Amino acid sequence: MLRFCLRRTAQMVIVVFGVVTLVFFILRIASGDPARLMNPPGQQEEIVQLTREKIGTDRPLMVQYGDYLVRLAQGDLGVSFHGGQPVLDEVLKALPNTAMLAVTTIVFSSTVALILGIGAALRANGAFDRVVLVYVSVALATPSFWLAIVLIMFFAVRLGWLPAIDMEGPQSFVLPVITLAVMLTPVLIRTIRQSFLETLSDDHVRAARARGIPERRVILVHGLKVAALPLITLIGLQLGMILAGSYVVEFIFNWPGIGKLTLNAVAGRNFPMIQGGVLVAALAFVIVNFVVDLTYAALDPRIRLGSK
Amino acid sequence: MTDLSTGGISSEPVTDAAPARTHVLRRLLKRKTFVIGAIGLAIIVLIAAFAPLLAPHDPLKQDLSGGLAPPFWVEGGSSDHPLGTDTLGRDVASRMMYGARNSLVIALFAVLLAAVLGLAAGLSAGFSRGWWDSVLMRLGDMQLAFPFILLAIIVLGVITDRSALHLILVLGIPGWILYARVVRSRVLAERDKDYVMAAKSVGASRTRQRWKYVLPSVWTVVLVIALLDFGFIILVEATLSFLGFGLTPPTPSWGSILAEGRRNMIIAPWLAIFPGLAIMFTVLAINGTADGAADVLDPKLKMGIFRRVHQKKATNVTSTDQGSEDADSIRTNLLATKDETEPSSLLEVRDLSVEFPLEDRVVKAVRHVSLEVDRGQTLGIVGESGSGKSVTASSIIQLIDSPGRVTNGEVLFEGRDLTRIDDNEVAQLRGTKIGMIFQNPASSLNPVLSIGSQMVETIQQLQKVSSANARDMASRVLLDVGIGDPQGILSQYPFQLSGGMNQRVMIAMAMLAQPDLLIADEPTSALDVTTQAQVLEQLIDVTREHQTSLILITHDIALVREYADTVVVLYAGQTCESGPIEAVIQSPKHPYTQALLESVPRADLEPGKRLLAIPGELPDPTDVPVGCPFALRCRYSMDVCSDINPPLDVVGSDRVAACHLDAVPTSKVDAS
Amino acid sequence: MTAPLLEVRGLVKHFNVRSGGFFGLGRKVVRAVDGVSFTIDEGETLGLVGESGCGKSTLARTILLLEDPTEGEILFQGQPLTAKRVLNLRRRAQIVFQDPYLSLPPRMKVGDIVGDPLKIHGIARGSSLTDRVAQLLIDVELKPEDADRYPHELSGGQRQRVGIARALAVQPSLIAADEAVSSLDVSVQAQILNLLKDLQERHQLAYLFVSHNLGVVKYMSHRIAVMYLGQIVELATGDELHSQPLNPYTKALLSAIPTIHKKGRRRVQLQGEPPDSGNPPPGCKFHPRCPIAQPICEQDEPVLKEWLPGRYVACHYALHESGL
């Protein structure tokens, strides 16, 4: 157990470290000079140089990198190029907003996907199944940004039922969560349906029926218990997808979360802020997956007790 | 025995006969999703390819006075600009056609790039299996921890003049991990198969093994993933354009038109709607094509979600909670409604036929099979693959795998026809009066529940008892089947026990209700010889002790000789002969039985003498020949055998056989 | 006296596996083959019989250097096998596998599969290759036209014939048949067994015939070696083994086999479960289950010795029960 945790922690550190390093160097190598962009075009070179000194991009690359790492180890994510606020503060302000959106979406999507996925599996090839599969196909093909706009146009502008933008009150969650859910549910439903179908075909399910166990119990206890295990890993997947989708959704709905923060930072070549946003995303992803793997192992006796 | 892994589809008669060969293209065309998808995709591709000819206007031509004109069917629109204009007066329809071009080309090359990189990486990782593999997979993990779209945004965001090449590289390169993972796992799966070792044994170098033997089975998976990835990349590219990180304006792209639409949501909603619809249509078409193709090209991936699913499911069983009725009360219930005919034999199967209608053919698994089991007797059913023995067994308790169904005959248990009565009542019989155990003990138990909880569940099905009492009962029953340490076993999981132990647990569970009949479908075929002997002895002891009748299904006629009183020999779904075991073995009345007895290696065969091999192959159950199914392989076959299927005739006391011969000539080999 | 075709001395093959512990991260050593010695003469069939986990398949593969031996010597036609002589070995010794569905590459045509060995060793090319392939197919009772078919178009028995043809292509002197008929239907098994016998007569082949089925092994073999947990516990001719088994395990094995004749024979009941090859018992590996085990069996591991002329047994009490 301990060995496993240690190994994974080491892996996580390497992964996050690698990600952060990659972003650090891409930004500074590929980008133009942020100092120049922060000044009006045609600004004199001395003023631009002052800006450079102020934000620290005049130093050699490796020095900048070393400095960054040292600060990072102390929990200091640097200061924003625009305005000088500590990046950590801005990130911590934005994080809960994205987290709330993520949790709501995960709960909602998982529930919907479980109902639709299991329902479809139980009546495979039937009408319900077909409808669900059609939904899956259409949802997979729907661009999230387009859906968000259409939803806003219809529910906010035309009908006025829900707010179009900003995070204010529980109603403001509805449209963003629906948009994200349409992104997430197709993959979830497909996986759940497949997993359930396979489990229901397993030998042990047939043997349970032969023992006279009623069908409902067969499905709920024997079927679900085995099929449910892979579903836990889906939570990690969902988080990844939400993180990816958050950039678009927070942009359209003006949601004050990590996605919007990072996007704006990219537009403004605000390196420390970009790095802060990336760090948070990578950390969240890696930690959640670790917890998921641990849970999976704890629940599956074959892993917990070490089968050959 | 042998299993055709065809992605979730199970039709019991696994045959040894040669399957037909259908051309890939024909199979593709049979799938509706593929055809519809391919047509849609073709339309888009054609529009994109011929955009210069089809577009009514130059997509870059501005007309500032005619900005934001609506589509032609709305007040204020004109057929000159059928889908309206954008803020700068440019024709939306034309921009969308050229936009299609850009999107498709970028996506195509990005996918190609990713596929090539991924294939190379996956192959090298899968074949190396050492540190290189770890490095690549860590790299992949790292990449996956980083949202792909953010990486694209960051990189593209810092490039001022974004061309198609930039987009292709940014969208394509990170895609490698998607392909690499699947290719790697495919390689790992294939390289452990015997045929690779066989290649090694004939002298193939490692390179040759990889390229000539493994690669052909692996690369097709790349095609399927590439198709699906294609749709995904189109979506990503559109998203990037929407956010402002796509092709630099004024190059037309669907995403940027949509972005404009968002800015003018209220006054010009069409600007937002049309590009979205176009994207959806394209991606739907691609996914449809991919879905249909996935099943044909690579069924192991199980990605095609629209294929018809065959699950093993009790036919027409609606569930009722059985509650906790006492086993005895169930018995009296059923006895009260018993039929009047033939009460002496416990089970009588009359003229049973079972069919499996598949997509393009019908498998006649069981054809007019009859058998009988008396109280306290053991019946052996002997047959090879395709004989229908397992399907017959499943039919008795009405647990035939879907889509199988009974097309003829009756299954009379204590006089009641199980094929005709309500499914709930049949369900009540299962586990109480009729029990069944299966071939593979490890997979017949729920892998994530402990032995104890599964046994307690079964016990509580039958009687209202507390968990503690149920566990005690379980312990006692386990002792009955020869398990020395029942308490220890109860807290363990199936994977921790050996095959023999698991099968004993299964026997114990099946015997919990002291059923009148126990069906054992190849219960020891998966076990070692010494374990097999132990388990079978246990099975016989416990059934004798409770006067339970036993049906023993096997391919091994020697087993039947050891343990059964009567025997039924099946071939290609039909009964060849049946009768008391001694009589059948001493003087078989069907050439198949005789040939079977002679082709099994015997310990006392004189050295230098040959076994009499039965020539030919087992017949294809979808292509049942007219006449006797054994005719082609029978050493005594006559003309009439190929024309007329011999009926079952009485050929002795309690003996029936289906053969045109009056008597099977005694062969030289003595079977005593 | 000519040297035997194959001589094996003290062969050992270990595997390091991940097992047990949390998340299966523990490690242990599995001694699949634990000190095996025997010979095979030209044209002879040595049967190798045992239950699952006894190491018989591993032994067959290690002899052909498909697995690297951990210790021991293998001499082929009197010459020790070294890494350099592997290709040479591949022309003289071949193998036929158990599963007809897994032992043929799914995307290669039958003609390619059978012809590839000829290409690799430069035995034939072009039209002479096609002719040789056609002849090989005929030898295994298939048709020359079958060369154009794919494995999935053939039945199990036909596929097994293809595997045999592939093994014959290089004209070997020894073929290891690793459960070659165990996955086939009963009515087809005898066909393949007789084919193998015919081929043996025609081409003077030696076989190492591995199987868990003692009846099949006896039919095919001149001499039989019984394996238990990585070691040979008895070696004798088929008749001797059957009529007068000396090792208690052999006796138990024989008595466990259901036979068509002689109902109600005396069965030797074994105690306990089949052993874990990663954690073998001390001393004689069979002693926990042996009906005649004595204290010495737990301490001293018995060595395979020639108790009677030509009869090798590994047991401290080999002659006691048989009344000799």
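How many helices and how many strands are there in chain A? This is a predicted model, and in it chain A has 13 helices and 0 strands. The C-alpha trace of chain A spans about 85 × 60 × 30 Å along its principal axes. Of the 308 residues in chain A, 43% are buried. Now think about who touches whom: take the contacts in chain A between residues at least 6 apart in sequence, and 68% of them join residues at least 24 apart.

Let's pick one helix and walk along it. Helix 7 of chain A covers residues 144–158, which makes 15 residues. From its first C-alpha to its last, helix 7 reaches 20 Å, close to the 21 Å expected at 1.5 Å a residue. Helix 7 of chain A also has a kink of about 30 degrees, and the kink is centred on A:Ile152. Just after helix 7 of chain A comes A:Gly160, with a positive phi of about 65 degrees.

Chain B has come up already, so let's look at where the two chains meet. Here 67 residues of chain A are in contact with 72 residues of chain B. On the chain A side, helix 10 gives the most, with 10 residues. Sort the residues on that side by type and you get 42 nonpolar, 13 polar and 12 charged.

Next, stay with chain B and check some backbone angles. Most residues other than glycine have a negative phi. Two residues go the other way. B:Gln547 is not a glycine, yet it has a positive phi of about 50 degrees. You'll find B:Gln547 in the loop between helix 21 (529–545) and strand 8 (549–554) of chain B. Is B:Gln547 buried or exposed? With 11 other C-beta atoms within 10 Å, B:Gln547 is exposed. Then there is B:Asp654, whose phi is positive too, near 65 degrees. B:Asp654 belongs to the loop between strand 11 (649–652) and strand 12 (655–657) of chain B. B:Asp654 is exposed, again with 11 other C-beta atoms within 10 Å.

Last stop: chain C, where you can look at a sheet. Strands of a sheet pair through backbone hydrogen bonds, either parallel or antiparallel. In chain C, 8 strands form an open sheet in the order 6-7-8-3-9-10-12-11, and the pairing is mixed. Strand 6 (93–96) and strand 11 (305–308) of chain C each have a single partner strand, so they stand at the edges and one side of each is left without a neighbour in the sheet. From one strand to the next, the twist averages 25 degrees. Zoom in on strand 7 (174–178) and strand 8 (206–211) of chain C: they pair in the parallel sense over 5 bridges. For C:Ala177, the bridge partner in strand 8 is C:Phe209. Finally, helix 5 (156–168) of chain C lies across strand 6 and strand 7, running at about 175 degrees to strand 6.

How values were computed. Residues are numbered from 1 along each chain as its sequence is written. Chains are lettered from A and ligands numbered from 1 in the order in which they are written. This is a predicted model: local features need pLDDT of at least 70, side-chain atom pairs count only at pLDDT 80 or more; totals for chains, interfaces and linings use all residues. Helices (H or I, at least four residues) and strands (E, at least two) are DSSP runs, numbered from the N terminus. The expected span of a helix is 1.5 Å times one less than its number of residues. The bend at a residue is the angle between axes fitted to the seven residues ending there and the seven starting there. Two residues are in contact if their C-beta atoms, placed from the backbone, lie within 7 Å. Ala, Val, Leu, Ile, Met, Phe, Trp, Tyr, Cys and Pro count as nonpolar, Asp, Glu, Lys and Arg as charged, and the others, Gly among them, as polar. A residue is buried if 20 or more other C-beta atoms lie within 10 Å of its own, exposed if 12 or fewer, and partly exposed in between; C-beta atoms are placed from the backbone. Two strands pair if DSSP finds at least two bridges between them. Axes are lines fitted to C-alpha atoms, for helices over the stretch in contact, and angles run from 0 to 180 degrees between N-to-C directions.
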